[in-house]
Structure formats: structure tokens, C-alpha cells
Amino acid sequence: MKQDDTAVKEPYDQKTSDRLYGLLGKHINAAYEQHMEIERLQTHVHVVFSLSDAGSLKVALSKVGKHQQSRVLAFNNWFSVGPIAELDTSEGQQRRQSWLMNHVQDDYFFDSINRDHQIAQLMKELKAIPEHKTVVIWCADNAHDQTGLRFALYLLKDRKQPIRIVNVTKVSQELGFHQKGGGTPYAQALIDRDNYVEIVRDYAEGFPLDSETRKRYEGEWIELAGQNHWLRLWEAGELRGCEEDKLDPLIIQSVTDLQGMHGAGDYVHAGEVMARVLEVSRQRISISFITYRILRLTSDGVLTFKGIPGFPHQYSLRLSNT
């Protein structure tokens, strides 16, 4: 009886298996066809330099009816801080990762968990963009974006078709857009939402870079990467490599000013200090880097803290001589 039962079940199991494999094959084919259709519809590749900027751009592209034709590639590195020498090589990337791990652990962590947006992966995707697709790089007048812009152009140096740029700071100036509190936005995130959608609607094609400008930017990347600086700032309309302690006087002055507001000798919240440094400097650098410099100033005896250092919301600062 057992043998007969087995003989009955075998054809049934084989049929079930064949049917499942058939369904799986149809699913794979459907997924592939859908992917190819999406690829066919995507005529534009937009490049940005943060995941938050990528999210904002995707939303705006959808609102203006340009979602289907657009693909957004986003780097997830703070290009204004850390070593960038030989960043197009695995050795250079490893050196940068080592520096991030030892100096700005939060930046290292967020880079590590977002593998799809790491430099090596983005390099492959940029170089694989077909010539018939339009490449648009979005940036603003800050060291992070401008360093990323030059790196992206260096990676795309063999591309024959023109590369287009949208500098949202310059577009905002032309349109008279201001950020909250006044001043022209120096970062994409500082642009009013409705104004940003208007920029994406009217300027999503970007402005083509001529060959001479492309070569100049590529050369500036090589020069900048060779300087071996750990900090880059945007000053007087130029990208400049700086010593890592360049912002230390501003950090100290921010603590002093906030102590004056709260009361001489009082501790001031570290988060307030960081917000003030960013507001006054109008630079786009990571909170982790400011934290790193604050900890250096405390280890040097310039600042005193109470609480848990490394977590901006959990510790406070004051000048050591107050």
C-alpha cells in the first residue's frame, strides 16, 4: 500500500513543482519587462549629493509630472569634510572610510548602512549612464555640493554628450527667492517648498556646461583632492581647502555669545552651539564634524562640558575660564 501511495503522489508533486516553476518564470519575465519599460521611459538622470536632497527632488519631479522620465542618483557623503585624495580608487575610499570611523563616527555609520549610495556604487552607475540620456547635476553654493559637483564631473570626464547643471543658489538669486530669515539659500534644503517646485518645473533640464568649463572643474577636482585637507569651505564664491581647525574660533565665539544670552558662566546646550555655527558660517558641513571639533576643544581645555559628549541633545558647554 505504501508503494502505491508513493506512485500516486509523485505525478501530483511533479505537476505542482512544474506549475510553481512556471509561475516563477512568468513573474521574473514580468519584472524584467517592467524594469526595461521604466528604463526606456527614463530619459533624464538627476544627480544630487544627499539622500534628503534626493527625496525632495523626487517629490518635486512627481508634482510637475516628470517622475516617469527621471531617475535620481544620490551620493551619501559629506564632501566638505574628510580626505578626498584618490577618491576614485578603492584605496582612496578605504582611507576616507578609516578617517570617518576615527573622527566622525555618525557619518561613517550612515555611509556604511546605505550601500546603494556609497561612492564605489555611484561611480559604477554614473559611468554606466547611456550617452542618449540627459545628465543633470543639482548643486548650490556650498563646499559640500561644489566638491561633489567637481568629483561627479571628473568621474564623467569620458562622457561625450553635454552635462547639465542646476545651481539652485544662482536660480534663486535670479528669481528673487529668499530663505527664512533672509538671504539667498546656500543649500537646496533651505529653499521654500513651493519655490523649489517652481525651480524643478522650470529648470529641470539644467544649463549645459561648455567643454572649457567642464575641463576647468575636472582640473579643480584634481587640485583639491591633492591638497589633503580635512575641511573645505565656500568663501567669497570659491571652494577652498582649509585646516581642520578653521571653524574653531567660530565655535568658541558661539559658546561665548550664547553664554551672554543665558548668563555669564552658564552652560549652553551643545545643539544650540552647533545651530549657531551653521547659521553664522552659512556653510554646509556635518554635525558630526562640528562635534569632533568641539571634543578637540574640550580635550585641549578650551571648553568644558557636562553630560554625555557626542550626543548634541545630551550635553552642554561653557568656556573653561568662566
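These entries record what I looked up in the structure.

I worked from a predicted model, in which local features need pLDDT of at least 70, side-chain atom pairs count only at pLDDT 80 or more, and totals for chains, interfaces and linings use all residues. Residues are numbered from 1 along each chain as its sequence is written, and side-chain values use heavy atoms, with hydrogens and water left out.

Entry on the sheet. I found an open sheet of 3 strands, ordered β8-β10-β9, with antiparallel pairing. Strands here are DSSP runs of E with at least two residues, and helices are runs of H or I with at least four, numbered from the N terminus. Two strands pair if DSSP finds at least two bridges between them. I noted 5 bridges in the antiparallel pairing of β9 with β10 (residues 315-319). L303 stands opposite L319 in β10.

E86 lies in the loop between β2 (70-74) and α3 (90-103). Its relative accessible area is 45%, so E86 is partly exposed; buried means under 20%, exposed over 50%, and partly exposed in between (1.4 Å probe, protein chains only). A236, also not a glycine, has a positive phi of about 50 degrees. A236 is in the loop between β6 (231-235) and β7 (238-242). A236 counts as exposed because its relative accessibility is 75%.

Entry on helix α4. I placed F110 in helix α4 (residues 105-113). F110 counts as partly exposed because its relative accessibility is 45%.
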